[in-house]
Each structure stands twice: as C-alpha cells, then as structure tokens.
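Hi everyone, thanks for coming. Let's have the sequence and the structure up on the screen, and then I'll walk you through a few parts of it.

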Amino acid sequence: MTTAQARQELDVQPTPLALLLLGREADPKSERGVECPGDLPSPSDPDLVERARAAKEKLGDKVFVLGHHYQRDEVIQFADVTGDSFKLARDAAAKPEAEYIVFCGVHFMAESADILTGDDQKVVLPDLAAGCSMADMATAEQVAECWDVLTEAGIAEQVVPVSYMNSSADIKAFTGKHGGTICTSSNAERALDWAFEQGEKVLFLPDQHLGRNTAVRDMGMSLDDCVLYNPHKPNGGLTVEELRAAKMILWRGHCSVHGRFSLDSVNDVRERIPGVNVLVHPECRHEVVAAADYVGSTEYIINTLEAAPAGSSWAIGTELNLVRRLANRFADQGKEIVFLDKTVCFCSTMNRIDLPHLVWTLESLAEGNLVNQIQVDKETESFAKLALERMLALP
C-alpha cells in the first residue's frame with residue numbers, strides 16, 4: 001500500500017494545527033506571525049554579540065530589556081532585569097523613562113507589560129510567534145461559552161473567576177469583568193482565599209494543575225471538590241449536578257513543559273541519586289507535586305537552591321534553560337542540580353526568542369524603526385487591569 005493509499009484508507013486529513021506546525025498555515029488567534037518585516041541576522045554570524053551590545057548602547061536609557069528565567073543564556077546576557085512574568089511586567093512599569101520595553105518572553109507576558117506600562121511606552125516582542133501553549137488553551141470565545149454553561153446551570157452568580165498570570169489579555173479582561181482576580185504561582189492560595197470570600201465556587205483558568213495543587217495540597221480540599229471543564233466537549237463534559245457540587249471548576253489547560261514530568265520521573269531520580277531533594281513547580285501534575293519534597297514558584301525554586309547546603313543534591317521539575325543555569329551557578333558550591341526528567345525539554349515557544357531576533361529588534365529600534373509592538377486595546381486593558389489591581393490588593 002502506498003502512502004497515499006494508506007492515507008485515503010485511514011481518511012487522514014491535515015489539521016490546522018499540523019499545517020501550522022509545518023509552517024504552511026497561520027492561526028491569527030494563536031501564532032501572531034512568523035515573518036519579520038526585515039532580514040534576520042544569520043545565527044552563525046560571529047558578530048551577533050557585539051552587534052547586540054552596540055545597538056543596546058546606542059539606544060541607552062531609551063530601551064529596557066526584560067529577560068524571563070526560561071530564556072537561553074545568549075539572550076539573558078543582555079537583559080537589564082530577569083524574573084518571572086509578573087515581576088518583569090512590574091519592573092517595566094517602574095521604568096517610565098524607557099521608551100522601548102523589549103520583552104524577551106512570550107506573548108501574554110508582553111501583553112501584561114503593555115497593560116501596566118504608560119501609554120507613551122512601547123512594548124516589543126522580538127518574535128511575534130513566541131506564544132504560550134497554555135495561554136492558547138483558553139480563548140475568549142471558549143470562556144464566554146463556559147460562562148453560559150454556568151449560567152444555565154444556575155450557578156454563575158456563585159462563581160468567581162481566578163485566572164493565572166499565564167493567560168491572554170482577553171482572559172484577564174473576562175476575569176476583571178466578572179469580579180475575579182489574577183494570581184501567580186506564588187500567591188495562588190491567597191487569591192483563592194479571597195475568591196471564596198466573594199463566592200462559593202471558583203472557575204480557575206487556564207492551568208488545571210496549579211488550581212488543583214493549590215486547592216488540594218495547600219488549602220485542604222479533596223480531589224472530589226474539583227471538576228475538569230473541557231472546552232472541547234458539550235457543557236465542558238460535565239453534568240449540571242457535577243457543576244453544582246464542585247468548589248473548583250478547573251479549566252482543561254496545562255503547561256507543555258511542566259506537564260511532561262511524571263511520577264516515574266520522581267521515582268527514577270530517587271533511585272539514581274540517593275538522598276536527592278525533588279523540587280518542582282506547581283504547574284506539574286498533582287501526583288508529581290504530592291511526591292516531591294518541595295513545591296513552589298520559579299522564584300521559590302531559585303531561593304531554595306540559593307539557601308541549600310553545599311554538597312546537597314537536587315532534581316528540579318521546571319524548564320531546562322533555568323535548571324542548566326542554576327546547575328552552573330552553584331557548581332562551585334558542590335550542589336548537584338539535575339533536570340527531573342531524563343528527556344531534555346525546553347519551552348519551545350520561549351526559545352523562539354534567540355540572539356538573531358534580539359539583534360534584529362535592537363538594531364531596528366536603534367535605527368528608529370518600531371517593530372513587533374504589542375498593543376492591548378483600551379477596553380480589554382481596562383478590565384484586565386482591574387483584575388490585576390485586585391491581585392495587587394490581596395493581603
């Protein structure tokens with residue numbers, strides 16, 4: 001049987017996602033474009049580092065470069081500040097003299113920076129195709145449909161939306177419009193405490209694992225208190241009775257990197273490295289978090305390793321660029337730091353921001369050409385900012 005015959009026999013058709021990954025289609029609601037309006041420098045150009053340095057020096061105080069922890073070292077070396085997404089957005093807001101905010105991260109992070117910075121500041125994303133698979137798992141249309149389901153079940157008035165920072169501006173705006181708040185991985189418990197003071201139930205978007213881990217591990221709820229809403233199924237795949245009985249309505253979303261870690265990963269590393277400390281991010285699956293020794297945000301992971309005794313061993317369940325950077329940083333202290341999984345896994349969309357894209361961005365700005373600006377419309381910005389302000393006001 002030929003390949004064509006086999007395909008006809010199985011009635012296989014290329015999906016939009018498959019064509020997108022092959023570079024033959026574009027999805028304006030997910031990928032924001034893969035072409036630069038100019039020529040990228042060659043990645044083999046030996047002068048890239050010097051070109052980036054020269055362009056940054058030419059721009060001076062007009063540019064402020066933000067580097068997310070998951071970025072590659074070649075990009076991080078040019079960051080004025082590093083951190084997680086919310087810290088970086090706040091750092092940008094605290095730099096009003098900078099005309100250009102170059103966000104080396106992903107799309108939703110640049111949106112948050114645009115929401116929090118002044119109208120005269122311009123937020124730039126070096127590669128518009130640097131999205132986030134988790135953020136793209138919840139669209140505005142899907143969430144609006146979910147709210148209709150909750151309304152028909154007679155429980156919408158009891159539900160308070162809580163959205164993870166790793167969400168689009170549209171989802172943040174929905175959250176603000178419906179009386180909810182945003183959370184980070186470090187303040188999710190405080191956000192949920194606040195939400196349950198406002199209502200009886202929480203719709204947690206878009207990361208099911210952070211929501212479940214916070215509710216069950218940190219707040220003492222049971223797994224039975226949580227239901228999983230699947231936007232690709234009628235009524236989210238849930239009955240009216242299940243929705244009415246639930247305390248936590250979890251969106252069916254996840255991080256492609258943290259979701260790959262398994263209980264087998266934990267068991268395997270404990271066998272290979274006696275006495276190892278397992279430290280994971282709360283975006284990991286519930287069974288992984290339950291089996292770990294320590295659980296916390298990216299900043300918590302960094303701080304824990306800083307305080308760890310010399311000679312200790314650690315297996316880290318988070319993005320590989322950060323794990324490698326930490327392993328190198330603490331090697332002279334005799335701290336053994338390894339990736340939790342045997343299989344190497346970077347955040348593929350975060351890694352779209354590479355040195356050629358950064359050089360192209362900085363040189364374009366230095367020549368007076370504004371490229372890849374991220375702009376959130378005023379109505380969306382208003383409601384999203386309301387949700388963010390509720391988070392900032394959390395005790």
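Let's start with an open sheet of five strands, ordered E6-E5-E7-E9-E8 with parallel pairing. A quick word on terms: helices (H or I, at least four residues) and strands (E, at least two) are DSSP runs, numbered from the N terminus, and two strands pair if DSSP finds at least two bridges between them. At the edges sit strand E6 (181-183) and strand E8 (226-229), each pairing on one side only. On average, neighbouring strands of this sheet are turned by 25 degrees against each other, direction ignored. Axes here are lines fitted to C-alpha atoms, for helices over the stretch in contact, and angles run from 0 to 180 degrees between N-to-C directions.

Please keep in mind that this is a predicted model: local features need pLDDT of at least 70, side-chain atom pairs count only at pLDDT 80 or more, and totals for chains, interfaces and linings use all residues. Residues are numbered from 1 along each chain as its sequence is written, and side-chain values use heavy atoms, with hydrogens and water left out.

Back to the sheet. Strand E5 (residues 159-164) pairs with E6 in the parallel sense over three bridges, and Tyr164 stands opposite Cys183 in E6. Helix H8 (residues 169-177) packs on this sheet, touching E5, E6 and strand E7 (201-205); contact means heavy atoms within 4.5 Å. The direction of H8 makes about 150 degrees with that of E5.

Strand E10 (residues 277-280) and E11 pair over two bridges, with Leu279 opposite Tyr294 in E11.

Last stop: Gln121, in the loop between helix H6 (107-116) and strand E4 (122-124). Is Gln121 buried or exposed? Gln121 counts as buried because its relative accessibility is 4%, and buried means under 20% relative accessible area, with a 1.4 Å probe and protein chains only. The side chain of Gln121 reaches the backbone nitrogen of Gly118 at 3.0 Å. Leaving aside neighbours within four places in sequence, Gln121 is in contact with residues including Ala92, Lys95 and Ile101.

Conventions:
Buried < 20%, exposed > 50% of the residue type's maximum accessible area, 1.4 Å probe, protein only. Polar contact = N/O pair within 3.5 Å; in protein donor to acceptor, adjacent residues only side chain to side chain.
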